[in-house]
Amino acid sequence: MRYSGFKVIKEALTGHKGWQPAWRDPEPQSHYDIIIIGGGGHGLATAYYLAKEFQQKRIAVIEKGWIGGGNVGRNTTIIRSNYLLDGNEPFYEFSLKLWEGLEQDLNYNAMISQRGILNLIHSDAQRDAFIRRGNAMILNGADAEMLSTEQIKKRYPFLNTDDARFPIKGGLAQHRGGTVRHDAVAWGYARGADSRGVDILQNCEVTGFRIESGKCLGVETSRGFIGAAKVGCAVAGSSGRLMAKAGMRLPIESHVLQAFVSEGLKPVLPGVVTFGAGHFYVSQSDKGGLVFGGDLDGYNSYAQRGNLPTVEDVCEGGMAIFPAFGRARLLRMWGGLMDMSMDGSPIIDRTHIDGLYFNGGWCYGGFKATPASGFCFAHLLARDAPHPTATAYRFDRFEKGLMIDEKGVGNQPNLH
Ligand SMILES: Cc1cc2nc3c(=O)[nH]c(=O)nc-3n(C[C@H](O)[C@H](O)[C@H](O)COP(=O)(O)OP(=O)(O)OC[C@H]3O[C@@H](n4cnc5c(N)ncnc54)[C@H](O)[C@@H]3O)c2cc1C
């Protein structure tokens, strides 16, 4: 069923009796060609591209809860491709290009809004670093523009650029960055995958792997054993727990990250703004709420809830740069499970077990990566070779010392 303006009007006039469920609720089959574990953005996108771009058949996505219940429905919805390093920038730019055509591709309104992202600069050294980053972006085909304080004043007149504790000395803008309605991404990919024959099995937890003579034969689940020629794991914050069932210890730790939404306000923020002298990022949702976040809670956890000291820390960051926001009331907050890798960059690779593949280590930047992550993981699963934009995301980079440390903070996952 195609969605269109005409269809909406027709249904409005005929009592909304013609809508069909966006995806089926099938029973698990005994065997699939490819199983993807994890019905988050990355798992669903992988299944979609496997079916659409790589003509794979007999695919299942196995999700322990419900579609969109993980990080894909918990993030602050920011998309961008303002990365510095060669291992990262082409991949994230590929992702941004896929975002730009995604709604037409999926025939689904994911509310993709390229309202722009602005990274504020507060010191001369930071300006040098951002000029370098902007040049790396342009060399890789992305857009980047250095803005002066005067240009920022025009766009964000309520920012105190002159006598603030952290004076604003300019900013790096990516005008093609922006926001996307996060859970619509999960729903759009789920609908697109289902319509191409992918079985989406919700309320089905993978409890183990059946591995014989170094080959993965399928997965044990809460609904029985399901066989597969290939199994791809894309469970984000649960990566460590899941891969331990295959006997693997990953270079990944799980941490909590919180997000916050204020009461609805009239339009005040035209785009996404990040604070350069602390950790704070904010945008305004279409309903008017300020959507913001900051640092991780800072300890290892599998709990999807955060703690009050971090709430205070994030709000202090916001107040330092946007004192006016102190008058808005906080409406809701929640936490998500982050798969923080040792160098802050992801892994899309085969494991040492034949037929078992892994996608994870997205830290708290995996939402923007969703389309490219799905595409590249599908490429790897279908062709047994990495996609050209994801060749650096290998397990053995930790063995060989080929880190992709975008922040330059070393092997401390909570600092990436
Ligand atoms: C508060 C917060 C803010 C963020 N902000 C941004 C942002 O602004 N921009 C950005 O780019 N990124 C952001 N992120 C990061 C981003 O959301 C994640 O990196 C990304 O969503 C992870 O991929 P996913 O969507 O596949 O994960 P998930 O949606 O978490 O999918 C994994 C799924 O695996 C399932 N699963 C786990 N174990 C099993 C099992 N044993 N069997 C079956 N299923 C299982 C889970 O139930 C879950 O549904 C943020 C994250 C959080 C929490």
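Buried residues are those with under 20% relative accessible area and exposed ones those with over 50%, the remainder being partly exposed (1.4 Å probe, protein chains only). The model is predicted, so local features need pLDDT of at least 70 and side-chain atom pairs pLDDT 80 or more, while totals for chains, interfaces and linings use all residues. Numbering runs from 1 along each chain as its sequence is written, and side-chain values use heavy atoms, without hydrogens and water.

In α4, the buried residues are Q126, F130, R133, G134, A136 and M137. They sit on the same side of α4 because their arc around the axis, taken from the directions to the C-beta atoms, is only 160°. Cover for these residues comes from elements including α3 (89-106), β4 (117-121), β5 (145-147) and β6 (170-174), where contact means heavy atoms within 4.5 Å. The face turned away from the buried side carries exposed A125, D128, R132 and L139. Just after α4, G141 has a positive phi of about 85°.

Attention now turns to a pocket, an open set of 1 Å grid points over the protein atoms alone, where a 1.4 Å probe fits, with protein on both sides within 12 Å along at least five of seven lines; lining residues have an atom within 4 Å of a point. The second largest pocket is lined by 24 residues, with H182, S285, K287, V291 and R332 nearest its centre. Strand β12 gives the most to this lining, 4 residues.

Notes:
Helices (H or I, at least four residues) and strands (E, at least two) are DSSP runs, numbered from the N terminus.
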